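Please read them with the structure open.

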Amino acid sequence: PSGGSYKAFRELPWGEVYVKPFDGRCIKRLAYKFSSDPEKYKKAALLLGGRPLDHSDAGFEFDFTGEYTFRFYCWAADDEFPPNSQIAFSDNFAIGFSAEDDVVVAELMITAISAAMKTVE
């Protein structure tokens, strides 16, 4: 079971080795997907069982399998910064999954959100 804390990808075993591909395949993709239509993004995340979080402009927690959860945090662009995001995994991900698996989990949810955004108004 999780101890209740969350870790960024780079804090997970081997995460530092894969952080650059993860950034491109997941972090940037999530940020720009959110910024393309923030309201549809939020509706799609809720439709997929996301639980809203207070942190960030659009934070959601998702269940994966068993006692594993992960969080998407998104921030809108402003005059000084482009859109940004962060993905955090429950601390027990380090025990149950490899860094490669963590990438796939995030990619699958981003793909699901993208598809769901096409169905919501």
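At what angle do helix H1 (residues 15–36) and H2 pack, and how many Å apart are their axes? The points below start there; note that this is a predicted model.

1. Helix pair. H1 and H2 pack at about 110 degrees, and 5 Å separates their axes. H1 is therefore roughly perpendicular to H2, since angles of 65 to 115 degrees fall in that class. On the H1 side the contact is made by Leu 30, Phe 34, Ser 35 and Ser 36, and on the H2 side by Pro 38, Tyr 41 and Lys 42. Sorted by class, this contact of H1 with H2 holds 4 nonpolar, 2 polar and 1 charged residues.

2. Sheet. The order E1-E5-E4-E3-E2 describes an open sheet of 5 strands with antiparallel pairing. Strand E1 (6–8) and strand E2 (51–53) are the edge strands, each with pairing on one side only. On average, and ignoring direction, neighbouring strands of this sheet are turned by 30 degrees against each other.

3. Strands E3 and E4. Strand E3 (residues 58–63) pairs with strand E4 (residues 69–75) over 6 bridges, in the antiparallel sense. Gly 59 has Tyr 73 in E4 as its bridge partner, and Asp 63 stands opposite Thr 69 in E4. The two strands, E3 and E4, form a hairpin with 5 residues between them. In the turn, Gly 66 has a positive phi of about 60 degrees.

4. Strands E4 and E5. E4 and E5 run antiparallel and are joined by 6 bridges. Across this pairing, Arg 71 stands opposite Ala 88 in E5. E4 is mostly covered, with 6 of its 7 residues buried.

5. Helices on the sheet. Helix H2 (residues 38–47) lies across E2, E3 and E4 and runs at about 20 degrees to E3. Helix H4 (residues 99–117) lies across E3, E4 and strand E5 (84–90), and its angle to E4 is about 60 degrees.

6. Nonpolar core. Which residues touch the most other members of the largest nonpolar core? They are Phe 22, Tyr 41, Phe 72 and Ile 87, in a core of 30 residues. At least two residues of this core come from each of H1, H2, E3, E4, E5 and H4. H4 gives the largest share, 9 residues.

7. Surroundings of Ile 87. Leaving aside residues up to four places away in sequence, Ile 87 touches Lys 7, Ala 8, Phe 9, Phe 22, Cys 26, Ile 27, Leu 30, Arg 71, Phe 72 and Ala 106.

8. Backbone points to check. Most residues other than glycine have a negative phi. Trp 14, in the loop between E1 and H1, has a positive phi near 70 degrees. Is Trp 14 buried or exposed? Its relative accessible area is 60%; Trp 14 is therefore exposed, the cut-off being over 50%. Ser 56 is not a glycine either, yet its phi is positive at about 80 degrees. Ser 56 is placed in the loop between E2 and E3.

How values were computed. Residues numbered from 1 in each chain as written. Predicted model: local features only at pLDDT ≥ 70, side-chain atom pairs only at ≥ 80, totals over all residues. Heavy atoms only, no water. Pairing = 2+ DSSP bridges. Helix = DSSP H or I, 4+ residues; strand = E, 2+ residues; numbered from the N terminus. Axes fitted to C-alpha atoms, helices over the stretch in contact; angles between N-to-C directions. Contact = heavy atoms within 4.5 Å. Parallel < 35°, antiparallel > 145°, perpendicular 65-115°, else oblique. Nonpolar A, V, L, I, M, F, W, Y, C, P; charged D, E, K, R; others polar. Core = buried A, V, L, I, M, F, W, Y, C linked by side-chain atoms within 4.5 Å. Buried < 20%, exposed > 50% of the residue type's maximum accessible area, 1.4 Å probe, protein only.
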